[in-house]
Amino acid sequence: MKGGWNWIWKGSSIALLAYVILRGFSTPLQPGLVSATPSQLTLEEHTLTLLAVGQPFARENAQASDFELVLRSGDQLLATVLTDVQPHAATAKVRIPSTLPSRALDAFLFTPDAGTLFLGNACFVEDAAKGDIPTEFRAQAPAEAAPKLGFSFPYQPNIMESIRNLLWHVPMWFAMFFIMGLGFVASLAQLRTDSVKWDLRAEAAVRTGVIFGLLGLTTGSLWARWTWGAWWVSDPQLNGALVTVLLYSGYLILRAALGEDDRVGRLAAVYNVFAFVMLVILLMVLPRYTESLHPGKDGNPGFNSYDLDNSLRAVFYPAVIGWGALCYWMYTLRLRMNRIAYSLLSR
Amino acid sequence: MHALLLLNSLEGFFFGSGKAHVVTGVALTILAGLAFAMWRMDRRLSRLEEENANPPS
Amino acid sequence: MAATQHTLRTAATIARMEWRLEWRQGHQLAAVGLFAVASVYVAFQASDQRTSASAWTAMLWLVHLFSGFTAIGRLFDRERSQVRRYLQWTAAPLGLMLGKLFHAVITTTALTGIVLGAFVLFLGWPVGIESPGKPGLLILGAWLGGLSMTTTLVFVSAVASQVRGGSGALGAVLGLPLLIPQLILATRLSRGALGDEPWTMLVEYPLFLGALGAGTATIACILFPYIWRE
């Protein structure tokens, strides 16, 4: 196992992960509106305060006149007058007309530097009658300015700062799929040739894969607590993930139970092939046909619905490669251990 | 800042108090520790492989 | 051609043998029936005769699950002994598996009837439900759910029976995680069949259960020769 190339790819995986950690935690989040108070409005004049997270959308001494806030009801726009703009907050006066197309109001905050910030269902007007907004209350859509935010992660409602978990959770599952696929191929080869060298590979792959599966479950559980409000929810994707990890733990238990039996390689391979087929069914087939909270349920149960933007891609792809290479490194370590143990035992 | 901290503890915490650097530091330390452990294991295995004349490939 | 005939003949012989032995050594079949009825009675007593629809389905499937374990878990016990050596020389592996699967399907059908019948007899219907919205779907769901559990269990007990000096516990340890998806689908189907949900909302569950059962049976058949070979 000598040679420069070995240390190059191993060092690169660590360097990539270091880059991912540095970039992932230091990149600011794009500004996004999180709340409007008061959220229940009546038919009179209100002072509306909007709060934002992420990067500041305005400078410390910004002029309120450079900004524009409009509320949308149905397909019509309601005018407001901004009185004060802070880095993370905006205050506006708004008069509510007696007729509105819809009682739910969406807020659009037009900024000169940070683009347009949107908050869906910002407030509700309980006692408005259904009808058009009178012309004196209406607003014209202002011109949108292109955002000048620099390198920053996109803001997603509910997910907010936790979008950084994308660089951990998703690549860990990818790494698990990759190494379990390797184990599957090794087990097929084991069944074909009945040779111990493939069994050593399959064992190493599953053992590494279980570690990454557990990491994926842990990071996923943390993420679920943050975005869905519970450590665990009943969801096809989550059930599949848990069953997969339990299944592969079963593989390790079966090996332990077989002990010194000379058929351990073949029986473990049989179980592993079965387990991988179940993994594909549970994580890639079933979630696509049933209701799921997990993103990407139509099509790829990974990350399609996150519409990765370029800044996130610049960190996400290195993360995938880095975790994958680290996982493969772990696998080779275990494999070499297995080989040495085997050659010592069969002496 | 205070309003944000009340509104949403993680958001306020993350960029409000500069604790993101601590998180980065801890994560990098763990990564460095892991890399060192794996590197040492790799070296040790190489030595064992040499001692162990001819392991099955 | 001759190989196919041999396989099919083996399958028929094995199924017939299992069936005869089941009746001659009646205690095993009786044991499963006793286990199922006793579990239902425990559920009946524990639930204080008032169950919600979700508790009802939960208990139904727990009883069904563990009755299935007792019935199928011992399917390959006989092959642990000298019989194994004899069968290895005379029987085609695929035929053996098909025979066992066939026998398992018959057993599961009987077991579904016993469990569901005893359940309705003792517990009645859940509180607030005079009669189930779709009784046909309830029975179909119980049967298909039982079948898809059974095919997986046949495979798992075939693997577990290879462990020398192993006990039935290994089959349960390996089998339980594999049965979670089937149980999720089956409980949802039963809950839906008890209530007033329209057919169209539930039609995918029997399809999934059937597909899972057929799929696991196919993989079990493909992989069994590798387990069986010495």
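**Figure 1. Chain C, read along the sequence, follows the pattern α-α-α-α-α-α-α-α-α.** The secondary structure of chain C comprises 9 helices and 0 strands; helices (H or I, at least four residues) and strands (E, at least two) are DSSP runs, numbered from the N terminus. The model is predicted: local features need pLDDT of at least 70, side-chain atom pairs count only at pLDDT 80 or more, and totals for chains, interfaces and linings use all residues. Residues are numbered from 1 along each chain as its sequence is written, while chains are lettered from A and ligands numbered from 1 in the order in which they are written.

Figure 2. The C-alpha trace of chain C spans about 60 × 35 × 30 Å along its principal axes. Of the 230 residues in chain C, 44% count as buried, a residue being buried if 20 or more other C-beta atoms, placed from the backbone, lie within 10 Å of its own. Among the contacts in chain C with a separation of 6 or more, 85% come from residues 24 or more positions apart; two residues are in contact if their C-beta atoms, placed from the backbone, lie within 7 Å.

**Figure 3. Chain B.** Chain B has 3 helices and 0 strands, in the order α-α-α along the sequence. Of its 57 residues, 7% count as buried.

**Figure 4. The contact between chain A and chain C.** Chain A contributes 24 residues and chain C contributes 20 residues. On the side of chain A that touches chain C, the elements giving two or more residues are α4 (236-258) and α5 (264-289) of chain A. The largest share of that side, 12 residues, belongs to α5(A). By class, the side of chain A that touches chain C holds 19 nonpolar, 2 polar and 3 charged residues. Here Ala, Val, Leu, Ile, Met, Phe, Trp, Tyr, Cys and Pro count as nonpolar, Asp, Glu, Lys and Arg as charged, and the others, Gly among them, as polar.

**Figure 5. The hairpin formed by β6(A) and β7(A).** Strands β6 (residues 81-86) and β7 (residues 89-95) of chain A pair in the antiparallel sense over 5 bridges; pairing requires that DSSP find at least two bridges between two strands. Between β6(A) and β7(A) there are 2 residues. Leu82(A) stands opposite Ala92(A) in β7(A).

Definitions and conventions
A residue is buried if 20 or more other C-beta atoms lie within 10 Å of its own, exposed if 12 or fewer, and partly exposed in between; C-beta atoms are placed from the backbone.
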